[in-house]
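Dear colleague,

Please find the structure below, for your records.

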Amino acid sequence: MSAHDPRLGDLLGRGLRAGGDPRAVLLGFPSDEGVRRNGGRPGAREGPAAIRRALRRLTPDPRDAERSAALLERTADLGDLPVTGDLEADQAGLADALAPWLGAGTFAIVLGGGHETAYGHFLGYVKAGRSVDLLNWDAHPDVRPALEGLGHSGSPFRQALEHPGGRARSYTAAGLQPHATARAHLDYVLGIGRASDKGGTRGAAPARGRAVFREEVTPTLARELYAVLQSPALVSFDLDAVDQTAAPGVSAPTAGGLDPALWLRLAALAGETPAVASAEVVEFNPAHDADGATARLAALTVWHLLAGLARRIGA
């Protein structure tokens, strides 16, 4: 490392070598079995390693150098969770790995993997005995029913909402594309909290659900969505919400998606928001990336999460 040109790869975890607890942790979930089940194009299992490679080359924020470096030095990269291809067992393993950090209030960032990551992430809160608000930045609501009783990359938030423990307090799907949102799935989100559900039993349903379409997403609305979150909250960043010109390497590319500058602002706001306890970056598919564009965007999403968190906690 040059003293004049430090990189995240040099700084991550450096302050933990002498002991002490991390302020944030990174954990990879290299699974795309849920994508395969959902009929998407495989490759997201390679996402965590590719995100790390791009992330480690970035510099800390020079506008807030002291706090940025201090947080990075106390951010532990836990590596990738070993996965077996048995999705349900792997999601339970992700929950086991995350629960101690979530229970202790350590900020966690999960690197996916397909969007099946979200259900394992949610189960970490269940295992930690904590109820959670869910905010999903996504082109799709991801509340599809299970396929032959099995969850997949399109079902994680339905699974969370219908979990018998009733730990999902609310669900907001934002960035939705009307050409990628079935009416039944929109009705499901908007119907959260109603006494009955023709699509199946929800058990202890959360009190509210909200759907926000792509054209409604502005910086002002984003701040409003973050402001109403209760602590703790999980924020999911599905890269297919971004326009495919900026994010071609995803499981399901989207034309007319979010502008990347707005996307990165959404990540910074998540880091800054006191209620947000964890986040994930999912659906990056290196096999279909063009010139590393999506890898850089995914890494910058993590960078902005950490930069926002440094401003929040004054690391």
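In the classes used here, Ala, Val, Leu, Ile, Met, Phe, Trp, Tyr, Cys and Pro count as nonpolar, Asp, Glu, Lys and Arg as charged, and the others, Gly among them, as polar. The model is predicted: local features need pLDDT of at least 70 and side-chain atom pairs pLDDT 80 or more, while totals for chains, interfaces and linings use all residues. Residues are numbered from 1 along each chain as its sequence is written, and side-chain values use heavy atoms, without hydrogens and water.

A pocket is an open set of points on a 1 Å grid over the protein atoms alone, where a 1.4 Å probe fits, with protein on both sides within 12 Å along at least five of seven lines; lining residues have an atom within 4 Å of a point. Points are joined across faces, edges and corners, and a volume is the space filled by probe spheres set on them.

The second largest pocket has a volume of about 230 Å³. Its lining divides into 10 nonpolar, three polar and three charged residues. Helix H11 (293–313) gives the most to this lining, with three residues; helices (H or I, at least four residues) and strands (E, at least two) are DSSP runs, numbered from the N terminus.

The largest pocket has a volume of about 300 Å³. Of its 20 lining residues, Asn38, His140, Asp142, Arg144 and Ala252 are the closest to its centre. The lining comprises five nonpolar, 10 polar and five charged residues.

In strand E4 (residues 132–137), six of six residues are buried (under 20% relative accessible area, 1.4 Å probe, protein chains only).

Definitions and conventions
Buried means under 20% relative accessible area, exposed over 50%, partly exposed in between (1.4 Å probe, protein chains only).
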